[in-house]
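Work through the exercises below with the model in view. Each task is followed by its solution.

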Amino acid sequence: MDWNFTRAVVTGGAGFVGSHLCERLLSLGTQVVCVDNFTTGDRENLWELLKTPGFSLLEADVTRWPSEPPGPIDLVLHLACPASPRDYLRLPFETLAAGSAGTAWALDLARRHHARFLLASTSEVYGDPEQHPQREDYWGNVNPIGPRSVYDEAKRYAEAYTAAARREWEADVTIARIFNTYGPRMRADDGRMIPAFIGQALRGEPLTVAGSGTQTRSICYVDDTVSGLLALAAGAHSGPVNIGNPHELTVLAIAEEIRRLTGSESPIARIAAAEDDPRRRCPDIGLARAALGWAPEIGPAEGLARTIDWFAARTSPARETEKI
Ligand code: NAD
Ligand code: UDP
């Protein structure tokens, strides 16, 4: 990868994906300004970063048009947005604002600096897909007024805004459609299936599988997602490009794999299916392979084992003593 960026702004850099991205940027020699208001992020994600030369934090809400960070910028990565269903369902207006006003602010910043801009969009723009696997030229099947619409439509709007900036301003932009990503630093209480199942398995509680459990997801380990985002930023493709792992699994199979890897004897418990829950989701990553030379390298067994180790270390008695 040909990497020439000297100073990047990462909105949402205190979050799960954002904090890994900040770390990787610094390791490539790029300075990082993280812009975050900690709505769903975690200050703990920044503990090490704040000690690293080249990293700075601007605590601000991107939807309120904050003053721009001082200094040069040649890359803007816009990730700020509540992302788990539990978060965006409790923060509907904040989520809509992150996709609309937040995207406008981040794009305006990129425009004024002639910086490359990357939007962190989502597989949710495909809604409950009628095409499988999903390719970038599929327009999606989204309920515009259902509970998930605050997230799906905010991201669709953000994509539209980004595409308009390319057409009208000739801005150097790209769009990543990120599929379900998991790994260390997910919040234990964010409600997403992987932290939920791991926490339940480690505590010996039932694993709460929603609906039939036959709905599918294709889960990508965070290190692979970050590599994909950086490859997309480094190139010239304007997107959208799917970034995800095409290894498709049912939700029940993911729960069972987590039970196996933790050695847990927790039973599977059925809970009500989520409204408008996509039944299938799997990326076609042909474009990412061809245009970026990128493909994920870490399979579910390896990635889940690493994630379980991280969660287990956080809940260990030794760590509880450390906190005291
Ligand atoms: P996250 O909730 O851990 O991170 C989001 C970060 O954005 C948090 O630190 C939060 O405090 C910050 N934020 C939210 N609103 C803000 C605002 N108005 N101003 C400033 N900061 C704000 O979520 P994540 O899983 O790390 O997702 C990061 C991005 O990637 C999101 O844009 C999400 O839509 C996208 N994405 C993630 C996944 C995934 O599986 N994790 C999949 C598809 C897309
Ligand atoms: N899910 C589940 N149990 C949980 C949390 C989620 O069965 O405790 C299901 C959810 O209904 C969906 C899938 O797991 O079918 C993925 O949900 P998640 O919130 O992780 O991500 P999504 O892809 O829906 O954004």
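**Exercise 1.** Find the handedness of the crossing between H3 and H5, then describe their packing.

Solution. H3 passes H5 in a right-handed crossing, meaning that the near helix is turned clockwise from the far one by less than a right angle. Helices (H or I, at least four residues) and strands (E, at least two) are DSSP runs, numbered from the N terminus. The model is predicted: local features need pLDDT of at least 70, side-chain atom pairs count only at pLDDT 80 or more, and totals for chains, interfaces and linings use all residues. Residues are numbered from 1 along each chain as its sequence is written, while chains are lettered from A and ligands numbered from 1 in the order in which they are written.

Next, take the angle: helix H3 (residues 92-99) and helix H5 (residues 149-169) pack at about 15 degrees, with axes 8 Å apart. Axes are lines fitted to C-alpha atoms, for helices over the stretch in contact, and angles run from 0 to 180 degrees between N-to-C directions. H3 and H5 are therefore roughly parallel (angles under 35 degrees).

**Exercise 2.** Give the strand order of the open sheet and name its edges.

Solution. The seven strands follow the order S3-S2-S1-S4-S5-S6-S11, with parallel pairing; two strands pair if DSSP finds at least two bridges between them. Strand S3 (55-59) and strand S11 (241-243) are the edges, each with a single partner strand, so one side of each has no neighbour in the sheet.

Then look inside the sheet. Four bridges join strand S1 (residues 7-11) to strand S4 (residues 75-78), and Val10 has Leu77 in S4 as its bridge partner.

Key
Parallel < 35°, antiparallel > 145°, perpendicular 65-115°, else oblique.
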